Amino acid sequence: MPKDVPIVAKRILFVSFFLLLLLLAVCFLGVSTGSSGSGFKAVWWALMDDSRSDPITASIIWNIRFPRVILAALVGATLSLGGLVFQALLRNPLAEPYILGVSGGSAIGAIIGIMMGFSRFPGVSMTAFCGSMATLLLLLLMTCGHSKFKDSLLLSGVMVNAFAGAIIMFLMSMTQDSRLHNIMFWLMGDLSLADMRQIRILAFVLVPCFCLVFRFSHSMNLLLMGQEVAETMGVNIRLVTVTLLVTTSFMVSITVSYCGPVGFVGLVMPHLLRLVIGPDHRTLVPACIIGGGSYMVFCDILSRVLPDQGEMPAGVVTALIGAPLFIYLLKRSGR
Amino acid sequence: MNTALAVHNVSYGYGATSILDDISFNVPKGAFYIIIGPNGSGKTTLMKIMAGSAKFKKGRVDIMGRPCSQYSRQELARTIAFVPQNIPDDFSFTVRDVVLMGRSPHQGVLGLERKEDGRILKQAMMFTGIDHLAHRAIDQLSGGERQRVFIARAICQKPRIILLDEPTAALDLAHQVRIMDLMEQLKREKGVTVVMVSHDINLAAMYGDCLLLLKKGRIVSQGRTDEVLTFETLEKAYGCLLLVDESPLGDFPRVTPVPHKLKLEI
């Protein structure tokens with residue numbers, strides 16, 4: 001590498017490269033796991049379009065497992081990044097789209113969209129986005145001006161979540177619609193509905209959002225120095241905050257409209273990565289995107305492997321891992 | 001133009017509450033300018049207005065002879081640096097990372113380090129005596145060390161003016177003098193204009209070239225140290241009995257509050 005490349009750039013490349021290897025490994029594992037069971041070699045042949053591959057295995061891998069793995073990676077990346085952004089902007093280590101109720105809000109929006117018979121994209125995604133923006137505004141209105149901002153934010157999030165849950169149940173009991181057939185599964189975060197066309201749309205929408213967040217990564221560092229200090233270092237606080245909050249809510253609501261509110265993903269990866277690679281958001285943003293993707297693919301594998309029969313929603317696995325971590329972090333931050 | 005910072009008829013408040021009422025003053029270039037006043041006199045708000053982070057309703061602030069509103073954010077950040085009263089400690093950036101952030105007004109959006117940044121960074125850390133802490137995390141430092149880290153960060157901005165909001169408030173005597181000496185040195189060696197809000201009248205008397213005395217959002221007195229620090233003005237502003245005499249250390253006033261138990265005997 002040339003000599004005058006800044007240290008930060010080197011660090012970003014190094015961390016991303018390492019995590020990318022991890023992501024590829026986990027994805028390969030994900031593509032190889034499934035009820036029909038096929039060896040790694042057969043999977044490799046199928047992926048490489050080798051003449052020795054079995055057409056049925058290839059079809060299962062390309063049409064069922066591959067989209068699912070990619071969907072998991074995109075969802076994990078989005079939610080981890082969402083957690084990272086919320087934690088930085090709200091200065092709260094426990095902030096996360098699901099815990100704050102933003103996911104719940106977009107779930108309400110999404111269900112309304114499904115009931116009105118909209119298509120996944122853009123219809124349901126847009127109603128989900130409206131739902132998440134409404135909860136975000138509600139949350140900020142409820143907590144602004146509080147001296148104990150940190151605690152009130154979490155409490156408000158819990159209440160918004162409970163309220164959102166009640167509204168979802170209300171909406172569900174109002175309708176006997178067959179469209180809501182799989183809603184319980186969807187509510188816990190379900191990745192099984194993936195198909196390649198949808199994933200292309202999803203990636204097309206999410207990747208520019210990732211880039212936008214990365215553009216503001218250094219502003220997030222500066223914001224941690226305090227609002228006034230950041231402002232006197234040239235940060236346009238209003239622009240940065242509004243752009244980041246809206247972008248994150250948008251990304252999160254899109255993933256919610258595809259696979260339901262998956263909880264606690266935004267808690268695990270940002271904390272783990274901060275421990276390992278430090279607090280610099282310029283490395284944390286790409287690391288959370290790639291690492292969060294790997295984590296979600298891994299959780300999805302567990303959700304397929306753990307039950308004896310069938311599978312469970314990926315949200316069950318993420319909650320089983322994330323909720324205890326939340327309690328641990330809550331206990332530590334109280335000290 | 002010999003004025004670094006000019007405040008013209010600035011008023012500030014929210015709702016019916018007025019916090020600053022028609023404030024005007026000039027800070028000469030290269031001065032050590034100290035703003036004093038009792039609690040709730042609007043000192044911190046005034047500081048925020050000068051730093052450009054509070055939008056005021058009426059009045060105008062000129063920086064280096066140009067209205068504040070004509071500056072871009074980056075330009076302003078290269079002219080004025082700000083050291084807050086409460087320094088956050090809830091993150092684990094290293095000292096080097098934080099000081100380097102001071103270079104961001106001179107860098108691109110991602111704050112990638114340039115060649116000259118390393119040299120400026122080193123100078124700022126040597127100047128404030130924190131170079132041995134470079135790789136320590138902020139949350140492991142003492143209050144005085146953190147203060148110096150944030151001052152080094154401000155110096156890295158290469159500002160013409162540096163604003164400090166009660167930098168000595170939570171420090172012991174040795175650290176107080178150390179911070180004040182540092183600012184004095186910055187003023188003398190680099191020609192930076194220092195504007196400071198302080199609660200400590202005696203430190204202000206020792207170091208300040210010019211003083212501004214505020215009370216309830218109005219200016220009580222401004223001018224040279226010995227003009228402002230008379231017992232008539234101070235007693236009016238603080239509403240308590242004070243003894244003002246000449247400091248044994250030199251040609252500046254010394255202010256001593258008179259305890260209630262001694263008042264009867266005077």
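This is a predicted model: local features need pLDDT of at least 70, side-chain atom pairs count only at pLDDT 80 or more; totals for chains, interfaces and linings use all residues.
Two strands count as paired if DSSP finds at least two bridges between them.

**Entry: open sheet of chain B.** I looked up the strand order and found four strands in an open sheet, arranged 2-1-4-5, with antiparallel pairing. I noted strand 2 (17-28) and strand 5 (66-67) of chain B as the edge strands, since each pairs on one side only. I then examined the contact between strand 1 (residues 3-14) and strand 4 (residues 58-63) of chain B, which run antiparallel and are joined by five bridges. Within this pair, I recorded Val61(B) of strand 4 as the bridge partner of Val7(B).

**Entry: strand 9 of chain B.** I checked the burial of strand 9 (residues 210-215) and found five of its six residues buried. I traced a parallel pairing over four bridges to strand 3 (residues 32-36) of chain B, where Ile35(B) stands opposite Leu212(B). I also traced an antiparallel pairing over six bridges between strand 9 and strand 10 (residues 218-224) of chain B; here Leu211(B) has Gly223(B) as its bridge partner. I noted that strands 9 and 10 of chain B form a hairpin with two residues between them. In the turn, I read a positive phi of about 45 degrees for Lys216(B).

**Entry: contact between the chains.** I found 23 residues of chain A in contact with 26 residues of chain B. On the chain A side, I listed helix 1 (7-32), helix 9 (217-223) and helix 10 (227-232) as the elements that give two or more residues. I classed the chain A residues of this side as ten nonpolar, seven polar and six charged.

Notes: Residues are numbered from 1 along each chain as its sequence is written. Chains are lettered from A and ligands numbered from 1 in the order in which they are written. Two residues are in contact if their C-beta atoms, placed from the backbone, lie within 7 Å. Ala, Val, Leu, Ile, Met, Phe, Trp, Tyr, Cys and Pro count as nonpolar, Asp, Glu, Lys and Arg as charged, and the others, Gly among them, as polar. A residue is buried if 20 or more other C-beta atoms lie within 10 Å of its own, exposed if 12 or fewer, and partly exposed in between; C-beta atoms are placed from the backbone.
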